[in-house]
Amino acid sequence: MAEGERCAASAAEITEDFEIIDKKQVPKASELKEEGKGKAEEARWSAPILSLAKKASENLALGYGTALKSASLVGFIPKPVSTDSTARTSARCHAMEERANLMNMMKLSIKILIQSALSLGRTLDSDFPPLQQFFVVLEHCLKHGLKVKKTFIGQNKSFFGPLELVEKLCPEASDIATSVKNLPELKTAVGRGRAWLYVALMQKKLADYLKVLLDHKHLLSEFYEPDALMMEEEGAVIVGLLVGLNVIDANLCLKGEDLDSQVGVIDFSLYLKETPDSDGKQDGGITAVLDQKHYVEELNRHLSCTVADLQNKIDCLEKTNSKLQEELAAATDRIGSLQEEQQQLKQQNELIRERSEKSVEVTKEDTKVELDTYKQSRQGLDEMYSDVWKQLKEEKKIRLELEKELELQIGMKTEMEIAMKLLEKDTHEKQDTLVALRQQLEEVKAINLQMFHKSQNAESSLQQKTEAISSFEGKTNEMMASMKQMEERLQHAEKARQAAEERCNKIRQELAGRLDTCRQQMSQLDSKCSTLEKELKSEKEQRQTLQRELHQEKDATALLKTELQQMEGLKKELRKLQDEKQQLEKVCEEQEQALQEMGLHLSQSKLKMEDIKEVNKALKGHTWLKDDEATHCKQCEKEFSISRRKHHCRNCGDIFCNTCSSNELALPSYPKPVRVCDTCHTLLLQRCSSNSS
């Protein structure tokens, strides 16, 4: 018994036109005809309903024959030997009979549905029996001649595939497809197809949509066999009959119903009408037909249970298959993404290697050039040092001669030496005051000339002697000061040269030690190279300044030699200059403190200006994107819908979904934390970290 039920269930899945009944329990067509001849009172029945019942019984017998053929194909029943021509003719005749029976059933169901709806006088719901039978008959019509599609689970036949073409052919039907696909209760294609028919009937466009399908039969040929009902003239007739359903108003609820597991069984009791007659024979015939009908319904229910069990198993297998397919797709996507990341990492490594090699070569070349320039500058400094040393020797000789001549005036000399030492310290600290001192000296010269003319008559002889002595003392003092200045400057130059040599040695050691680790410390090397370049530039500038100072000193020595003869009365003026010097020192200290404070204020203002510029750039560089201009998320590129809302990034102005813009940060233009996209969030965090460091 279990094997027989399995055979019947497999045959029901392949045909899906009518339910299969056991051959021993189904009455033959000849017996039904003999019973029809023996009962004369059957003429009182309505002719079309009686003929329909006879055709349905014949169709059941023929359906059982097709079930046996399909079972033989599967392998449960041995296939009888027959020729190809007889099989084709029998299949064509069978298909024609099925089309005629389905068309007649559709006519009756539409007629009774319209009559009952008009007599009821209100909108129909899903519990209305004629409406339920109409959908069952329409489902059988759409399933007739469907091609079998092979999947991972097995063979599958669904009439939802042809209905999906309506969305492409008629844009108005796109709302139906989206609403049906968004229903979470529907898990099979059969349930989605039933929901699609419900919505199309409520919109009163069922006939229009099916007419669009029939106008494109070349597309339907992918889903239906050539002798299917939708591919023949009967399909056009049924579409014409469906136009009459526009009179009906239906309000069908799709959420609470289980459309996946419903079994479509045609109930003939709705189409059997009894005429008022009290004849006993007529009652007997009706009872016999009703008994047969109830017996067939019981068998159909038994088979529907088995079909429901198999459908549940198929659903479970489909779920497992869908999960496996999703896992496979996710795995393939992960593999592809990992491969892409690997390629990107390889490219980045190659770029980093090339950049590091280029930077190392550039640093080597720069160091070579700097060493060459340093050697050349060192040679020039050595030559300048030798020249200065020769001049110092000559000046020492002159100094000895002058000391021999001025031994008598040692007392005056000591006082002048003390004053000149103080002046030397002042000149080292403030070289800028020399210009002012020179101007004052010129004024003093003019005053001395006036005083000289006044005192020529009184003390000409004494003044000449004192002038000669003072001039000699001034010359000696100035020569001593100039010699000391030259010696100190030479010492500073030697110290600077030694420091530069030490720095060069340190740089060489650092470069030798850091060449191995240059790939990891490229940023540190860049910063250190910039500092080294600044130091080298400063050293070059110092060298140039030293050369300029040497030339200036030569000029100054020449001028001093000429001015030594005119220096008179410097003792009194030296005291005044000392007082002025102290005042100038105080003023310079105050100015230096003011300059330091100004430097701090300038650094703070520069930082504030940089922050303001960054804010202006952020405000001017990004535009606020309008809602109508964005249909997809900029980062994940997912389409916006009622569930996936649009959100603006307050930093860049673009539109993102909630998942891509769930971060919040405080921006300069907003006092409180606002919504920011993921990319802007990472950039702003990096900028904050760099500013803090």
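**Overall architecture, nonpolar cores and selected residues**

The model is predicted. Its secondary structure consists of 18 helices and six strands. The protein has 693 residues, of which 31% count as buried. Its accessible surface is about 46,000 Å², and carbon and sulfur atoms account for 54% of that area.

In soluble globular proteins, nonpolar side chains tend to be buried together. The largest nonpolar core in the model holds 60 residues. The members that touch the most other members are Leu131, Phe134, Trp196, Leu197, Leu206, Tyr224 and Leu242. At least two residues of this core come from each of the helices α4 (84-120), α5, α6 (160-169), α7 (174-181), α8, α9 and α11 (233-242).

When residues up to four places away in sequence are not counted, Tyr224 touches Leu142, His144, Gly145, Leu146, Lys147, Pro162, Met230 and Met231.

Helix α5 covers residues 129-143. At 1.5 Å a residue, its 15 residues should span 21 Å, and this agrees with the 21 Å that separates its end C-alpha atoms. Of these 15 residues, 13 are buried, so α5 is largely enclosed by the rest of the structure. Gly145 follows α5 and has a positive phi, near 75 degrees. Gly145 is also among the residues touched by Tyr224.

A pair of aromatic rings is described by the distance of the centres and the angle of the planes. A search of the whole structure gives four aromatic pairs. In one of them, Trp196 and Tyr209 are tilted, with 5.8 Å from centre to centre and 50 degrees between the planes. This pair links distant parts of the chain, as its two residues are 13 residues apart. Trp196 belongs to helix α8 (residues 189-203) and Tyr209 to helix α9 (residues 206-215). Trp196 and Tyr209 are both buried. One aromatic cluster is made up of Phe134, Phe135 and Tyr198.

The loop between α8 and α9 contains Lys204. This residue is not a glycine, yet its phi is positive, near 60 degrees. Its relative accessible area is 32%, so Lys204 is partly exposed. Another positive phi, of about 60 degrees, is found at Glu637, which is likewise not a glycine. Glu637 is located in the loop between α17 (570-621) and β3 (647-648). With a relative accessible area of 61%, Glu637 is exposed.

Glu539 is part of helix α16, which covers residues 522-563. The relative accessibility of Glu539 is 10%, so this residue counts as buried, the cut-off being under 20%. Apart from its neighbours within four places in sequence, Glu539 is in contact with Ala500 and Arg503.

Definitions and conventions. Residues numbered from 1 in each chain as written. Predicted model: local features only at pLDDT ≥ 70, side-chain atom pairs only at ≥ 80, totals over all residues. Heavy atoms only, no water. Phe/Tyr/Trp six-rings, centres within 6.5 Å; stacked < 30°, edge-to-face > 60°. Helix = DSSP H or I, 4+ residues; strand = E, 2+ residues; numbered from the N terminus. Buried < 20%, exposed > 50% of the residue type's maximum accessible area, 1.4 Å probe, protein only. Expected span 1.5 Å × (residues − 1). Areas by Shrake-Rupley, 256 points an atom, 1.4 Å probe, with all protein chains shown as cover. Core = buried A, V, L, I, M, F, W, Y, C linked by side-chain atoms within 4.5 Å. Contact = heavy atoms within 4.5 Å.
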